Amino acid sequence: MALLEVENLKTDFTTDQGMVHAVRDVTFSVEQGEALGIVGESGSGKSQTMYSIIGLLADNGIVNAKRITFDGKDIAPENFVNKKTYEDAMKDIRGNSMAMIFQDPMTFLNPIMKIGDQLTETIMNHNKVSEKDAHELALELMRKVGIPSPEKRINQYPFEFTGGMRQRIIIAIALANNPKLIIADEPTTALDVTIQAQVLELIDELKKNSGSAVIMITHDLGVVAKLCDRIAIMYGGKIVEIGTDKEIFYDPKHPYTKGLLNCIANPDEDDDKELEPIPGSPPDLLNPPKGCPFVDRCTEAMRVCKEYQPEVTKFTETHQCACWLCHEKAVTK
Amino acid sequence: MSEKPILSVRNLKTYFDVTKGLFSKKQIVKAVDDVSFDVMPNETFGLVGESGCGKTTLGRTIVKLYDPVEGSIEFMGKDIANLKGAELKAYRKDMQMIFQDPYASLNPRMTVGEIIKEPMIIHNIYNTDAEREERVVELLRIVGLKPDHIRRYPAEFSGGQRQRIGIARALAVNPKFIVCDEPISALDVSIQAQVINLLENIQKEMGLSYLFIAHDLSMVKHISDKIGVMYLGHMVEMGKSDDVYHRPLHPYTTALLSAIPIPDPDVAKAKSRILLEGEIPSPINPPTGCPFSTRCPKATERCRKEMPQPIEVGGRMVACHLYER
Ligand SMILES: Nc1ncnc2c1ncn2[C@@H]1O[C@H](COP(=O)(O)OP(=O)(O)OP(=O)(O)O)[C@@H](O)[C@H]1O
Ligand SMILES: Nc1ncnc2c1ncn2[C@@H]1O[C@H](COP(=O)(O)OP(=O)(O)OP(=O)(O)O)[C@@H](O)[C@H]1O
Ligand code: SF4
Ligand code: SF4
Ligand SMILES: [Mg+2]
Ligand SMILES: [Mg+2]
């Protein structure tokens, strides 16, 4: 059994304008120790997919799922007796076997608590150690994530840290927990390239040394290429293609995935290669298209695409794609 | 080369006084510190560097939003510091800027038509409103928007579309030079390529020059003829884009390049990176000697004491003691 299994997840938001269909029938799983990348444009539903799973959805959100299991436990919200038991259970899981690294580290740091106290608190919640040992361990963790002069820094408050250092503290807290799953939502988007490289390296080390699984949400194809074993491509609230890193980069099947790969500049490649942008813009999830979410921008769209949602075609054990072009009827035509 | 640069910046310094209290010690941020470079007609000069290194300040000084404390900016052979009256107005027309944030840089209460028309009115470019309207429609077409967008408001457009409106506005007065300050950073990958191609096509058609500011080295390399790398207010390396990218000289350029995540799993996973220690020092108390000396893997005693001066190495400029003879 996989560490995380998600089947037919749907998330809607009630708003003044109507229902926003943010996550539209998403199915995927994450194995122990593997890194899954979730890539997609702004608004494609990456964050809400994760928030729905870990119980951090906004109040106007409604989750529906056939199945969500984590580490063998059923964590689908509708299978709890009430909202409170669900929230308590999720809070416990989030503090123990899951760690989260978000774009803004201040979401998880207490602004009026010293960095050292936040670290020792986490350590003592998870290990039976004395306060003195916890303090020592905190220093060691800070050293490990590359905080300069930790003896001085341990007594400082979050506002005295730069964005990169705060993100490293979050990773230090994750290290203390020894989580089974790390969920990182654009953890390096706000950081400079050289600092981003440091943070990615840390997450990679964490994954390799402690065997934690990682879900990395990003719009940066370079980041997933570096860090992930498998990649899911999201578009218009759906996973349109999923496969291993090599399948996605070297043998993309979905027109959106192909388009995405054609419109990034690979600085290692020839310079004069013209970028091929994808025309148009993503669909409005208040009124998503009836058929394929990509139909308005797809150069290969057929009549069927407007009317019917594409079925999933499986190419290998790991590689699948939801596009009518891959369907046996279109292939044999 | 006999061609003369359209823009020539020499020893430019733009400082900010950030002293807090009345009785505190004077604190100065040397946001741009002794920067020199040339941009040729029809050329794109890419400016890269990490947050706070002075890119925006340099761009804003060039378009005369900030006054430099020292140094000179020559545009088409004239020092812009001394421009007055009609000449100054002409400069403000020829030199346009596109801003980083497509959400904040357009007036939400003006229609798209009014936004694009405004600079035409300021600069008295057309005589009648009908002529201006005609030009707006043409500009909308150039940037890939529709004529009927003219009466709509910015809020009704996506980020990429808003950036196009900003580009149309900059083009409205037929400039010769555009400072593009991170015009694609706020956009999705698939939309970034649309804007980059648009800028490239406009350049070909109208013969414009760009100063293209970004922190994304891959896109900068794609669009630029030359690249300048900034660190803590200084230009540390400058040269043809291919040279800088494939044969970086300055240790900071090398580290910056090695930090780019390459969108190719085999390459990215095999690539070993030069991980820089620590973070960028505060520009209020910059290190003595070489600005990069606190993080440079090759720093020596001398680097911590003496500031390296820009020198020419194989048709390129680099400021690093390693290359001095
Ligand atoms: N509380 C909410 N109420 C209504 N709509 C919401 C709410 N939260 C998110 N949405 C909508 O749900 C959709 C998916 O949002 P999500 O945050 O998952 O996007 P994303 O893929 O993470 O994008 P980004 O890359 O910009 O973070 C968007 O259309 C968004 O506007
Ligand atoms: N108006 C100002 N007053 C005081 N300090 C300023 C001002 N504008 C910029 N600075 C400071 O000058 C330095 C350079 O800032 P600048 O905005 O030019 O950097 P940048 O390279 O454009 O960074 P980014 O990539 O974050 O946009 C920074 O330390 C900044 O804090
Ligand atoms: S299903 Fe049709 S519209 Fe959708 S991606 Fe495939 S070909 Fe294009
Ligand atoms: S001058 Fe010294 S510290 Fe500066 S970049 Fe060169 S080697 Fe490094
Ligand atoms: Mg998100
Ligand atoms: Mg800037």
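**Ligands and domains**

Modeller: Let's start at ligand 1: one of its oxygen atoms lies 2.6 Å from a polar side-chain atom of Ser42(A), where a polar contact is a pair of N or O atoms within 3.5 Å. Bear in mind that this is a predicted model, with local features needing pLDDT of at least 70, side-chain atom pairs counting only at pLDDT 80 or more, and totals for chains, interfaces and linings using all residues. Residues are numbered from 1 along each chain as its sequence is written, chains are lettered from A and ligands numbered from 1 in the order written, and side-chain values use heavy atoms, leaving out hydrogens and water.

Colleague: Which backbone atom of Gly45(A) or Ser44(A) gets to an oxygen atom of ligand 1?

Modeller: A backbone N or O atom of Ser44(A) sits 3.2 Å from a ligand 1 oxygen, and a polar backbone atom of Gly45(A) is 3.0 Å from an oxygen of ligand 1.

Colleague: How much of ligand 1 does the protein bury?

Modeller: The protein buries 69% of the 640 Å² that ligand 1 exposes when taken alone (Shrake-Rupley method, 1.4 Å probe).

Colleague: And which residues come nearest to ligand 1?

Modeller: Of the 16 around it, Ser42(A), Gly43(A), Lys46(A), Ser47(A) and Gln48(A); "around" takes a heavy atom within 4 Å.

Colleague: Switching to ligand 4, which residues come nearest there?

Modeller: Cys290(B), Cys296(B), Cys303(B), Cys320(B) and His321(B), out of 13 around ligand 4.

Colleague: Now domains. Where are they in chain A?

Modeller: Domain 1 is 4-97 + 180-326 and domain 2 is 111-176, with bounds from an automatic or database domain assignment. Their centres, taken over C-alpha atoms, are 31 Å apart.

Colleague: How many residues are in contact between domain 1 and domain 2 of chain A?

Modeller: Ten residues of domain 1 are in contact with ten of domain 2, meaning heavy atoms within 4.5 Å.

Definitions and conventions:
A polar contact is a pair of N or O atoms within 3.5 Å; within protein, one must be able to donate a hydrogen and the other to accept it, and residues adjacent in sequence count only if both atoms are side-chain atoms.
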